[in-house]
Amino acid sequence: MELRAFRRVGWTRAFPPLTWLAEYKPSWLRHDAIAGVTLAAYAIPVSLAYAGLAGLPPQVGIYGYLLGGLGYALMGSSRQLAIGPTSAISLMIAGSVGALAGGDAVRFAQIASLSAFFVALLCLIAWLFKLSILVRLVSDSILVGFKAGAGLTIIMSQLPSLFGVASGGHNFLDRAIRLAGQIGNINLLVLAIGVAAIALLFLGERFLTGRPVGLMVLALSILMATLFGMPALGVPVTGKIPEGLPAFAVPTFGMLDFQELFPIAAGCLLLAYIEGVSAARSFAAKHGYSLDVRQEFLGLGAANLAVAFGHGYPVAGGLSQSAINDTAGARTPLALLFCSLTLALCLLFFTQLLANLPRAVLAGIVITAVYKLVDVRALLRMWKVSRIDFYAAAIALVSVLLLGILQGVLLAALASIFLLLIRASQPNIAFLGRLPGSGRYSDSVRHEGVESLVGVIAFRPEASLLYINAETIQEAVLNALRKSSDVRLVICDLSASPYIDLAGARMLLDLYDELTSRHVTFCIVGAHAQLRELLRAEGLAEKTDSSKWLRTLDSVLGEHNASEPLRDERPPGR
């Protein structure tokens, strides 16, 4: 009986529809249907714009929403997350895949689909090895800088279409220089169309919250372009979009070496997982259900696998489209199925209506979708509150602007690790004093009125003792010792150190030897079980009295003050 129950739980976790379908209420069907249609109305203009940003035919963006939503609905654990192309991944594909395709449009599309397949493969590997730590690999400060850099890069990539001039360039500065050289060639009609679209999108966002404003602007622009014959006036339009559903095929293998595709797939996975899980967590908390962050690898993998077989490119869960889905009333992933059905009908019967869609309108849609990525307030707050976080964000921002999205996200991940190492290498070392009238001790630097300890240095490393900070801690203690001429006892309080490695233990041995040469007694207190085992293995029990490792600082100081000099430390060599 228990085994069958365990199997049911296992199947439920591996196949989430078993959970939400069992709880499904008939009244939810209407909400999911409305949410699905609303999401499709949002997805059509955005997916067309993002496909252009990626350098792919416009219908490929719709394939991403249609197939990605189906795959995620089967394996994802979030009930409101919407899956489709995103701005950052689209720009990453444009830059990285474009360099590998060598100007061949067919090869470009094949490599893009193959990238989605490799994202799915990496998702499976990450699920098998429980690599959900990826969501914590990039810190919030790094993410703010990365998003700002990505937003500026994407906006710069769309300005040529907005101004009606030729595009080009490999990074933000290169594009900016090329654009500046074409200022005299701006097509005022194209610019007017793009600016009008942006103004309408902003007004709609302000006064028509929750409505498919993008679709309305798209329909209006097509109508105006058709009535006034704008294509004949030199206004670039999307042109004919093929009708019909995507043809399924296995992505073409053997075109590239694994090492060429791995950075692209890894970058897409890192971006997709971090953004998707962050958004999914917020909606799970809002609606009171649990999110399985490990299962999200399978959901994301299933979405990208479906897209890869349908000639799409990597997709992810995004906050903006998920917010549309949630606001429209989505109760379960069934909303994604209704969205896919709506998009399928559009591909079958209505693609001919998109032929006269001005590209400047798509540029405006992209710009209004990504401008919020540049969070100036968050950057200013980091500058005021934590300079090290600001510098980390600045590194991510500049790396994206100068190197591109793919290199920027990888450098951002490395910067997160480097930032963590810097913080760990400079822990706070509290030199303790007694709080008046008590047996409690606190950092004498951070608290006023703390009584100094006469002839004693008591320090408490407020971090694990590791190879990256051991030397810093030792040097701080020796510096404090040099400033005092009458120190007879040094006490290391390890109560705030949850872990110690071999380098940390050897640092304590070196500190003991140095203090012994100066005729200063060394004592350790407050050591946890794991710490005591390693200290004993490294021979510190033979140098210091291990019975004190479990005691408190106050009890050892009381004994020291009662018996001067301290007699119960074992002499060196025993």
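Predicted model: local features only at pLDDT ≥ 70, side-chain atom pairs only at ≥ 80, totals over all residues.
Before anything else, a definition: when I call a residue buried I mean that its relative accessible area is under 20%, exposed means over 50%, and partly exposed lies in between, with a 1.4 Å probe and protein chains only.

Residues are numbered from 1 along each chain as its sequence is written, and side-chain values use heavy atoms, with hydrogens and water left out.

Let me start with the overall picture. The protein chain has 22 helices and seven strands, where helices (H or I, at least four residues) and strands (E, at least two) are DSSP runs numbered from the N terminus. The C-alpha trace spans about 100 × 70 × 50 Å along its principal axes, and of the 574 residues in the chain, 51% are buried. If we take contacts, meaning heavy atoms within 4.5 Å, between residues at least 6 apart in sequence, then 79% of them join residues at least 24 apart.

The accessible surface comes to about 26600 Å², and 63% of that belongs to carbon and sulfur atoms; these areas come from the Shrake-Rupley method with a 1.4 Å probe, and for residues only the protein chains shown count as cover. As for charge, there are 44 positive and 37 negative side chains, with the centres of the two sets 8 Å apart. In that count Lys and Arg are positive and Asp and Glu negative, while His and the chain ends are not counted, and each charge is placed at NZ of Lys, CZ of Arg, CG of Asp or CD of Glu.

Which residues make the nonpolar surface patch of about 890 Å²? They are L173, I395, V398, L402, L403, L411, L414, I417, L421 and Y467. Patches here are made of residues with over 30% relative accessible area and no salt bridge, like charges being joined within 9 Å and nonpolar side chains (Val, Leu, Ile, Met, Phe, Trp, Tyr) within 5 Å. Helices α17 (387–403) and α18 (405–425) each supply at least two residues of this patch, and L402, which lies in α17, is partly exposed at 39% relative accessibility.

For a contrasting site, consider P45, which sits in helix α3, residues 28–54, and is buried with a relative accessible area of 1%. Leaving aside residues up to four places away in sequence, P45 touches G214, L215, L218, L362 and I365. The C-alpha atoms of P45 and V213 are 9.8 Å apart, although 168 residues separate them along the chain.

Next, the salt bridges. Side chains of opposite charge can pair when their charged atoms come close. The criterion used is a side-chain nitrogen of Lys or Arg within 4 Å of a carboxyl oxygen of Asp or Glu, and a search of the whole structure finds 14 such salt bridges.

One of them joins K286 and D326, with the closest N and O atoms 2.6 Å apart. Because K286 lies in helix α11 (residues 258–287) and D326 in helix α13 (residues 319–327), the pair ties together parts that are 40 residues apart in sequence. K286 is exposed at 58%, whereas D326 is buried at 8% relative accessibility.

K548 and E559 meet at 3.8 Å, N to O, with K548 in the loop between α21 (529–537) and α22 (553–562) and E559 in helix α22, eleven residues apart. The closest N and O atoms of E559 and R551 are 3.0 Å apart. K548 is buried, at 0%, while E559 is partly exposed at 27% and R551 partly exposed at 25%.

Finally, the backbone. Most residues other than glycine have a negative phi. K130, in the loop between α6 (105–128) and α7 (140–163), has a positive phi near 55 degrees. H311, in the loop between α12 (295–309) and β2 (316–317), also has a positive phi, of about 65 degrees, and H311 is partly exposed at 38%.
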